[in-house]
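Subject: Structure for you to look at

Hello,

Here is the structure I promised to pass on. Please open it and keep it beside this email while you read.

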Amino acid sequence: MSDREPIPLAQRVRLVFEDITTLKVDAIVNAANNLLIGGGGVDGAIQRAAGPALMTECRLLGGCATGSAKITKGYNLPASYVIHTVGPIWRGGDQGEPELLASCYRNCFKLAKKYRLNTIAFPAISTGTYGYPKEAAADVAIRETKKALKANPQLELVIFCCYDAANRAVCEKAFQERI
Ligand code: APR
């Protein structure tokens, strides 16, 4: 048995209000589309900051199903890896959206474990172009993150990167209540 005290969960999760492309972590997560061909929002920002080699690698991946995740190198980013996941498009909530969003987080955490990553940063997947309600999305993110932190002691830090002002208020409230 290890004689080290486990680090409290709350110290392994952080909320930041920055551009995710500036974070020096093992992996940042991209809210991508099924074809992995880039787009606007966080996807566009990541592709621009990483440089064209990222798109070249993405083109070799054969797309990504909604709820799944694929990993590439980070190229010009400070992060070593990018984990591309595809969130669900919000269609009212009864088309499996909550399960698909949870699956995004679970599959990102699976890759984090497989690649032995210590630090990972998430944007608010699906809450921009894909229209997922921000509160409900934050609940899913927090629930899945807590499970992953309990299951994977190697994971030192999970960062939630809230970029826009609307997300900031929602994330702060969800954090105060749930972490
Ligand atoms: N850093 C962190 N978060 C960001 C950044 C950034 N640089 N830019 C945008 N965001 C935030 C948005 O404010 C939003 O809360 O990312 C969240 C997700 O929004 P989108 O990027 O629109 O992602 P999503 O809703 O999952 O839609 C995916 O948009 O860009 C396309 O190719 C992508 O088709 C896919 C779709």
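Let's start with one pair of side chains. Asp139 and Arg178 meet in a salt bridge, with N and O 2.9 Å apart. Asp139 is partly exposed, at 33% relative accessibility. Arg178 is partly exposed too, at 29%. Keep in mind that this is a predicted model.

The total count is eight salt bridges. Side chains of opposite charge can pair when their charged atoms come close.

Now find Glu144. Its side chain meets that of Arg143 in a salt bridge at 3.2 Å, N to O. Glu144 also forms a salt bridge with Lys147, where the closest N and O atoms are 3.2 Å apart. Both Glu144 and Lys147 sit in helix H4, three residues apart, which is about one turn of the helix. Shared partners link the salt bridges of Glu99, Arg106, Arg143, Glu144 and Lys147 into one network.

Is Glu144 buried or exposed? Its relative accessible area is 2%, so Glu144 is buried. Its two partners are partly exposed: Arg143 has a relative accessible area of 37%, and Lys147 comes to 45%.

Next, look at Glu97, in helix H3 (residues 97-114). Glu97 is buried, yet it has no salt bridge. How far away is the nearest side chain of opposite charge? That is Arg91, at 6.3 Å. The Glu97 side chain does reach backbone atoms. One is the backbone nitrogen of Arg91, at 2.7 Å. Another is the backbone nitrogen of Gly93, at 3.0 Å. Beyond its neighbours within four places in sequence, Glu97 touches several residues, among them Pro88, Trp90 and Tyr132.

Last, turn to helices H1 (residues 41-50) and H2 (residues 52-59). Their axes come within 5 Å and cross at roughly 115 degrees. Ile46, Gln47 and Ala50 in H1 meet Leu54, Met55 and Cys58 in H2. Of the residues in this contact, five are nonpolar, one is polar and none is charged.

Setting aside neighbours within four places in sequence, Gln47 is in contact with Gly38, Leu54, Met55 and Cys58.

Best wishes

Key
Residues are numbered from 1 along each chain as its sequence is written. This is a predicted model: local features need pLDDT of at least 70, side-chain atom pairs count only at pLDDT 80 or more; totals for chains, interfaces and linings use all residues. Side-chain values use heavy atoms; hydrogens and water are left out. Helices (H or I, at least four residues) and strands (E, at least two) are DSSP runs, numbered from the N terminus. Buried means under 20% relative accessible area, exposed over 50%, partly exposed in between (1.4 Å probe, protein chains only). Lys and Arg count as positive and Asp and Glu as negative; His and the chain ends are not counted. A salt bridge is a side-chain nitrogen of Lys or Arg within 4 Å of a carboxyl oxygen of Asp or Glu. A polar contact is a pair of N or O atoms within 3.5 Å; within protein, one must be able to donate a hydrogen and the other to accept it, and residues adjacent in sequence count only if both atoms are side-chain atoms. Contact means heavy atoms within 4.5 Å. Axes are lines fitted to C-alpha atoms, for helices over the stretch in contact, and angles run from 0 to 180 degrees between N-to-C directions. Ala, Val, Leu, Ile, Met, Phe, Trp, Tyr, Cys and Pro count as nonpolar, Asp, Glu, Lys and Arg as charged, and the others, Gly among them, as polar.
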